[in-house]
Amino acid sequence: MAGWAAQTGFKALQIPAWDARLFDVRTAAHSQGYCDEINGLLAGHGLVISELTTHLLGQLVAVHPAYDALCDNFAPAVLRGRPQARTEWALEQLALAARASRRLGLTEMGTFSGSFAWPYLFPFPQRPDGLIDAAFDELARRWRPILDACDEQGVNLCYEIHPGEDLHDGTTFERFHERVGRHPRCHILFDPSHFVLQQLDYLAFLDLYRDHIRMFHVKDAEFNPDGRQGIYGGYSNWVDRAGRFRSLGDGQVDFRAIFSRLAQYDYQGWATLEWECCLKDQEDGAREGVAFINDHIIRVTDKVFDDFAGAAVDRAQIHAMLGIA
């Protein structure tokens, strides 16, 4: 994997902490030698680790019963059919991933929030008063210890704003952020493809939440509604939905504007290619995606473009220019 990534042009890899075939999160949490070995292996290919991601573990923190059978696939077989034990295991794994991140020299960790309230997204039948508050109160109660664990390790926990999660837009992030006491480690993983599918203004989102955005998935999407379907997609498969994920450059996301906003706001993190496309081959998408990202990264200037027209002016001259005695 590392060799292929290096040959394709990647500079870093985002490591899924839930995939034991690639990464032993428990060993990494306790063994500096193991972490040094992984970093050394990647360095031999000219790569580094950008972040650990814990999305499937985060999904298991909060699972509505309607999704129990589907989410069981994210946990070890011995935990299947045991929701409480599954959640306890996930919380432990998240704390281990925070410790592993520190040993690897990482400062950001991506995740999903999980969801109690997603089945009640559309308010019919009418939602009873207190339902959403109760969902977010419990969500915050479960996540607060993990945020504290991340703080102890110097790691920011970045929730991907994503349909299917209770944190799926700015409003829901704010609900959660308030309930965890505006925790200093509670931040955002920004992926504009999910905003296209929700018809949410991703540039305005950057303006509003720029201080919270610590991770960035560069993923494209398109939304082509017609007389038969719109945002909800009519239960169609990915190829036939109005909203579809596409390889970079094949969708509708205005990445020129996004990279400009991130440069303007001095975003310090990685631009991570996340490939999902219902049409294109993944290796073609990866190769094209590297070139696409490199073409969009903005090297911020260290001077004002019209410096040539400037002149040194002392205080007395400034007062004279303003008519100040």
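So, Asp191, Lys219, Glu274 and Glu276 are joined up in a network of salt bridges; a salt bridge here is a side-chain nitrogen of Lys or Arg within 4 Å of a carboxyl oxygen of Asp or Glu. The structure has 21 salt bridges. Keep in mind that this is a predicted model, where local features need pLDDT of at least 70, side-chain atom pairs count only at pLDDT 80 or more, and totals for chains, interfaces and linings use all residues. Residues are numbered from 1 along each chain as its sequence is written, and side-chain values use heavy atoms, leaving out hydrogens and water.

Now look at Glu222 and Arg244, whose side chains form a salt bridge at 2.7 Å, N to O. Glu222 sits in strand E7 (residues 220–223) and Arg244 in strand E8 (residues 243–246), so this pair ties together parts 22 residues apart in sequence. Strands are DSSP runs of E, at least two residues, and helices are runs of H or I, at least four, numbered from the N terminus.

Are these two buried or exposed? Glu222 is buried at 8% relative accessibility, and Arg244 is buried at 15%. Buried means under 20% relative accessible area, exposed over 50%, and partly exposed in between, with a 1.4 Å probe and protein chains only.

Asp19 and Arg21 also pair up, at 2.9 Å, N to O. Asp19 is buried at 12%, whereas Arg21 is exposed at 74%.

Lastly, Met321 in helix H13 (residues 315–322) is exposed, with 67% relative accessible area.
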